[in-house]
Amino acid sequence: MDDVEEADLIVVTQPGTAQGPDADADLIEQAKRAPERFTAVFDRHYRQIYAYAARRLGPDLAEDVASETFLIAFDRRHTYDSARADVRAWLYGIASNLIARHARAETRRYKALAKVAGAPDAGDHADAVAGRLDAMAVRGRLADALRRLPEPVRAVLLLVAWAGLNQQQAAAALDIPAGTARSRLHRARQEMRQALGAEIEMSE
């Protein structure tokens, strides 16, 4: 298994930056006049963007996606709207567009994770195997359910679940209406619940 653990498939939220969105917007404004200031945006957000891409594509493609995300953001810094609520949504939007180009690779990844989840190590003790099988079954079904979601629906779900964005931020990141994001998220959550039964609770 690669650097991203199967446990990462469990839906979690990521905290925002401690400095806050206003500080990020100020940095980008500064970078319009002094390009070297953009390195602070990179330093603050690279690990989160990389981790998000790695969860979706695996570490090999994630490094390319994360690096290209910041190259594109740097090139587009002059068109950045400082009124945007959160720089993270802008960066995740760029990353999501890049990830969408690798939809087949993402689908293969979830398919592989679903298969691996059903194959415990032969040397484990019986009790440990039983516990791991329960956990793996959930992860396997989750990976399979993610694989089956259309990429636009999956993108909204994972921006909320893994990147920690709210519905409005996810809509802004993907440049779609808030109502579209809401309906896609609702559909994704329904399919996740059907796949996982009552074993996981996904907040609205």
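**Salt bridges, helices and packing**

Tutor: Start with a network: salt bridges link R56, E106, E151 and R154. Keep in mind that this is a predicted model.

Student: How many salt bridges are there by this rule?

Tutor: The count is nine.

Student: Are R56 and E151 buried or exposed?

Tutor: Both R56 and E151 are buried.

Student: What does E29 pair with?

Tutor: E29 forms a salt bridge with K32, and their closest N and O atoms are 2.8 Å apart.

Student: Why are E29 and K32 separated by about one helical turn?

Tutor: Because they are three residues apart in helix α1.

Student: And how accessible is E29?

Tutor: Its relative accessible area is 24%, so E29 is partly exposed. The cut-off for buried is under 20%.

Student: Which residue does R187 meet in a salt bridge?

Tutor: R187 meets E191, at 3.1 Å from N to O. These two are four residues apart in helix α9, residues 178–196, so about one helical turn separates them.

Student: How accessible are R187 and E191?

Tutor: R187 has a relative accessible area of 38%, so R187 is partly exposed. E191 counts as partly exposed too, at 26% relative accessibility.

Student: Switching topic. Where is I28?

Tutor: I28 is in helix α1, which covers residues 21–33.

Student: Buried or exposed?

Tutor: I28 is buried, because its relative accessible area is 0%.

Student: What is I28 in contact with, leaving aside neighbours within four places in sequence?

Tutor: V41, R77, Y80, V87 and W90.

Student: How far is I28 from F74?

Tutor: In sequence, I28 and F74 are 46 residues apart. In space, their C-alpha atoms are 8.8 Å apart.

Student: Now zoom out. What is the secondary structure of the chain?

Tutor: The chain has nine helices and zero strands. Read along the sequence, the pattern is α-α-α-α-α-α-α-α-α.

Student: How much of the chain is buried?

Tutor: Of the 204 residues, 44% are buried. The accessible surface comes to about 10500 Å². Carbon and sulfur atoms account for 49% of that surface.

Student: And the contacts between residues at least 6 apart in sequence?

Tutor: Of those, 70% join residues at least 24 apart.

Student: Last topic, helix packing. At what angle do α4 and α8 pack?

Tutor: About 50 degrees, with their axes 7 Å apart. Helix α4 spans residues 87–100, and helix α8 spans residues 167–174.

Student: What do you call that arrangement of α4 and α8?

Tutor: Oblique, given the angle between α4 and α8. Their crossing is right-handed.

Student: Which residues meet there?

Tutor: From α4, R88, A89, Y92, G93 and S96. They meet Q169, A173 and L174 in α8.

Terms used. Residues are numbered from 1 along each chain as its sequence is written. This is a predicted model: local features need pLDDT of at least 70, side-chain atom pairs count only at pLDDT 80 or more; totals for chains, interfaces and linings use all residues. Side-chain values use heavy atoms; hydrogens and water are left out. Buried means under 20% relative accessible area, exposed over 50%, partly exposed in between (1.4 Å probe, protein chains only). Contact means heavy atoms within 4.5 Å. A salt bridge is a side-chain nitrogen of Lys or Arg within 4 Å of a carboxyl oxygen of Asp or Glu. Accessible areas come from the Shrake-Rupley method with a 1.4 Å probe; for residues, only the protein chains shown count as cover. Axes are lines fitted to C-alpha atoms, for helices over the stretch in contact, and angles run from 0 to 180 degrees between N-to-C directions. Angles under 35 degrees count as roughly parallel, over 145 as roughly antiparallel, 65 to 115 as roughly perpendicular and the rest as oblique. A crossing is left-handed if the near helix is turned anticlockwise from the far one by less than a right angle, and right-handed if clockwise.
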